[in-house]
Amino acid sequence: MQDEYRTVARAGVHETEVNRSRFLCALAPAATEQEAQDFIAGIRKEHADATHNCFAYVIGADAAIQKASDDGEPGGTAGVPMLQMLLRRDMRYVVAVVTRYFGGVKLGAGGLIRAYGGSVGEAIDNLGTITRRRFRLATVTVDHQRAGKIQNDLRATGREVRDVHYAEAVTIEIGLPDADVDTFRAWLADATAGTAGFALGGEAYGDA
């Protein structure tokens, strides 16, 4: 797994005009390929009267899934430059749809490549990006007496407290960078006089 990846900070639309053609780039984070396809379907429905709705998406922190479509534009002049722009900007878990309303002036292959790729680049600049970092999920189990102090200490040291469950004991779910696991385990034993339980779970990504 990659240690971190970058994605778009929020969903949004950025419009540009090239030789009287309108290019609307809709950009959104997408956790799965299905989510990306649903987003594309929604844009196509919204702009059913457009000349073209071209798309590109990259799913996976390692960019395992990459798809692009020219949607009727000459081959390689729309979807591929869009995809290349996403990859050049190191974007992951992201989908882009560029909707074109033809303005009567043909742009030629070079013009189309610049317009579609540039539209995605401008949208990324406009909406901003966030970095998400890989961490291990872990569960800390402590008695009620120590729970409040442990939670405060965790937050004070910048640890991400994801969830807290109160039962006979208190279970605190946290996220830890892999490199911090041993140090944290030692700190927890020290802070609770060895009374806390600690269990490692799977891996996930969170805001860096």
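The protein chain divides into domain 1 (4-127) and domain 2 (132-207), with bounds from an automatic or database domain assignment. This is a predicted model: local features need pLDDT of at least 70, side-chain atom pairs count only at pLDDT 80 or more, and totals for chains, interfaces and linings use all residues. Residues are numbered from 1 along each chain as its sequence is written, and side-chain values use heavy atoms, leaving out hydrogens and water.

Start with the two domains. Their centres, taken over C-alpha atoms, lie 40 Å apart. Domain 1 brings 4 residues to the contact and domain 2 brings 4 residues; contact means heavy atoms within 4.5 Å. Together the domains bury about 410 Å², 50% of it on carbon and sulfur atoms. Buried area is the accessible area (1.4 Å probe) that two parts lose on being put together, summed over both. On the domain 1 side, Glu4, Tyr5 and Ala61 supply 90% of the area buried against domain 2.

The term requires a side-chain nitrogen of Lys or Arg within 4 Å of a carboxyl oxygen of Asp or Glu. The count between the two domains is 1 salt bridge.

Now turn to Tyr5. The whole structure holds 5 aromatic pairs. In one of them, Tyr5 and Tyr93 are tilted, 4.8 Å centre to centre with 50° between the planes. Rings of Phe, Tyr and Trp (its six-membered ring) pair if their centres lie within 6.5 Å; planes under 30 degrees apart are stacked, over 60 edge-to-face, the rest tilted.
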